[in-house]
Amino acid sequence: METTDKLAALRAELKVQNIDGFIVPRADEYQGEFVAPYAERLKWITGFTGSGGVAAILMDKACALTDGRYLIQIAQQVDQKHFETGDMISEPIEEWLRANASADAVIGYDPWLHTPYQVEKWQMSGLSFKALDSNPIDAVWQNQPVRPEGDIEIFPESIAGESFHQKKKRIANKIAEKGAGACILTLPDSISWLLNVRGRDIDYIPSLLSYAVVYADNTKPITLVVSPDRLTQPLIDHFSGGVSCIAPEHIDRIFDDLERSGETAPVMMDFARSPIWFKDALEAKGFEIKDAIDPCIAPKARKTASETAALKQAHIVDAAAMCKFLYWLEAEVENGRPVTELSASKKLQEFRAQHSAYQGDSFPSIAGFAEHGAIVHYRATEQSNIPIEKGNLFLLDSGAQYWGEGFAGTTDITRTIAIGTPDDEMRRRFTQVLKGHIAVANAKFPVGTKGVQIDALARAPLWADNVDFAHGTGHGVGCYLAVHEEAASISPRGREAFEQGMLISNEPGYYKEGAFGIRTENLVLVVGEKGVCDGTGREMMGFETISFAPIDKDAIEADMLSHEEKEWLNSYHRQVYDIVSPLLDEPHQKWLQDKTAEIK
């Protein structure tokens, strides 16, 4: 179906459901970043493929909005004859609706795809919103893919560092501390972490798409919403009575279980991350509800010693693949052999797949050459794919999931490579980004420091030249789970304090629309034992970099680096060589030796 036909069919369905408009988020029932094909409703109706966005369809007009990462992309992908495009941060969807819908319009939404906070925010606009029993897009989407049910695998305690039953008790205690009798969990990575399992329901994140009810009384089993036939005997043995199961089609029975349990304390749920369907259903049943953050988010972010060791090994394996790829890319370009954005991404995937522990990518690679590098979360397609040729910069942001041979981990690394000789502006911006990256990597800070404080360090070299970048400097990363994990982050919105064991990205950038993009990213662990702050007595913390691949010296303006910054770069490159070279053959070792040679 063409866009015109899709909109016509959808608008006819809106009339059937007696509503005047419909909101289409880029979300599934689990509020995940990556969604299964059946849940790509925003992509189906608009053509936009970014991981953050929302559309509103009225009877005579429509819009498709996103955030700063994808503003260039959405303008290129969406047919602007049918959709206005814009920034959902500066103009939220409810403001667009208030400006474009009639005062008496009724706007429908799918209660499985929106959180209570989102709906509450809309309602402040003064418009009328209605939760629908069925999604109108599902009614008109011909050949919509089926919902996935992949294998559920036991994640070993030897890597997790804590048993399922230990985690269950810990989370039960957290629920009791909040004064609640039970908690509804809706984030798949939280549930997978808690149960010490991993799933294959969606690409990129090895989590189990499910819901769970955890009780403050630890003697009660967790209620897991998943098809019973997916629980193999090894899983049943793993849970050893700590989990009971309800099929998704009978999800209403979780409320029967809550009533039978005799709980009089409130039921806890996360209004910022859970479908409003649960809140509506609990209220209809007369339960008292307590809004509280998902109790798994914070402990999941603090990696155990076992997880840390496993993650470090995964990053070493990934580093070898990255170095092999960079060697290959340089040789291909120098020898005049054709390389494109897509072929480069595929080749890196092939190098990673050479290791038996490789399970897949942790997100779709961002391989942007020249002007495509300025699109922060660019995705090369057959239509947009361009050759990588001398005379510009190639930005490659990629990652992988590893599990096997006694280790597991999630990687995310970005390198910007000069193809040929970069011009003065490219070198200046590359070096400013590198200075910001080094400032974060070298940061020492007292316990209690938040991401917003560290974020300024990454931007300062760019701010000094009146430029900036429109994304956060760093996000949390899971252990063989979500590549974008909640808890602390390095960004203007980073209000959570860093804690030891958190894995965070360090990725400042610069983007010149229509010309080139730059980003340098490593993952860093939050570590302690950095001394005590004289004057406050607070313990000092810092970051340990665990990603290892050479940073392109050809793109650096060495005179812009201080002595201390050169020391950091040379020390980092010595680490890269010492750690990665034993995994490479002699030609690759010689190449790496040159790429990591000291900068003067």
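Which residue in S20 is the bridge partner of Phe-394? The legends below describe close-up views of a predicted model, and the first view holds the answer.

**View 1. Three strands form an open sheet in the order S16-S17-S20.** The pairing in this sheet is antiparallel. Strand S16 (366-369) and strand S20 (413-419) are the edge strands, since each of them pairs on one side only. From one strand to the next, the twist averages 10°. Strand S17 (residues 392-398) is joined to S20 by seven bridges, and the two run antiparallel. Within S20, Ile-417 is the bridge partner of Phe-394. Phe-394 is also listed among the residues with the most contacts inside the largest nonpolar core.

**View 2. The largest nonpolar core has 93 residues.** Those with the most contacts inside this core include Phe-255, Leu-258, Phe-278, Phe-325, Leu-329 and Val-580. Helix H14 (residues 305-334) gives the largest share of the core, 10 residues. Another core, of 26 residues, lies apart from this one, and Phe-164, Leu-195, Val-214 and Phe-239 are among its members. As a general background, nonpolar side chains tend to be buried together in soluble globular proteins.

**View 3. Phe-255 is in contact with several residues and belongs to an aromatic cluster.** Leaving aside neighbours within four places in sequence, the contacts of Phe-255 are Trp-277, Phe-278, Ala-281, Leu-282, Lys-285 and Phe-287. The aromatic cluster is formed by Tyr-30, Trp-112, Tyr-211, Phe-255, Trp-277 and Phe-278.

**View 4. Strand S10 (residues 211-215) is mostly covered.** Five of its five residues are buried. In a regular strand the side chains alternate between the two faces of the sheet. In S10, Tyr-211, Val-213 and Tyr-215 are on one side, Ala-212 and Val-214 are on the other, and all are buried. Strand S8 (residues 182-185) pairs with S10 in the antiparallel sense over four bridges, and here Leu-185 stands opposite Ala-212. S10 also pairs with strand S11 (residues 222-225), again in the antiparallel sense, over three bridges. In that pairing, Ala-212 stands opposite Leu-224. S10 and S11 form a hairpin, with six residues between them.

**View 5. Phe-498 and Phe-543 form an aromatic pair.** A search of the whole structure finds 26 aromatic pairs. In this pair the ring centres are 5.5 Å apart and the planes lie at 90°, so the arrangement is edge-to-face. Phe-498 is in the loop between strand S23 (485-490) and strand S24 (503-506), while Phe-543 is in strand S28 (residues 540-545), so the pair ties together parts that are 45 residues apart in sequence. Both Phe-498 and Phe-543 are buried.

**View 6. Two charged residues sit over aromatic rings.** The charged end of Lys-347 is over the ring of Phe-351, at 5.5 Å from the ring centre. Arg-429 lies over the face of Tyr-510, and here the distance to the ring centre is 5.0 Å.

**View 7. Ser-356 lies in a loop.** This loop is between helix H15 (341-353) and strand S15 (358-361). Is Ser-356 buried or exposed? Its relative accessible area is 55%, so Ser-356 is exposed. Ser-356 and Gly-404 are 48 residues apart along the chain, and their C-alpha atoms are separated by 7.1 Å.

Note on methods:
Residues numbered from 1 in each chain as written. Predicted model: local features only at pLDDT ≥ 70, side-chain atom pairs only at ≥ 80, totals over all residues. Heavy atoms only, no water. Pairing = 2+ DSSP bridges. Axes fitted to C-alpha atoms, helices over the stretch in contact; angles between N-to-C directions. Phe/Tyr/Trp six-rings, centres within 6.5 Å; stacked < 30°, edge-to-face > 60°. Buried < 20%, exposed > 50% of the residue type's maximum accessible area, 1.4 Å probe, protein only. Lys NZ or Arg CZ within 6 Å of the ring centre and 35° of its normal. Core = buried A, V, L, I, M, F, W, Y, C linked by side-chain atoms within 4.5 Å. Contact = heavy atoms within 4.5 Å.
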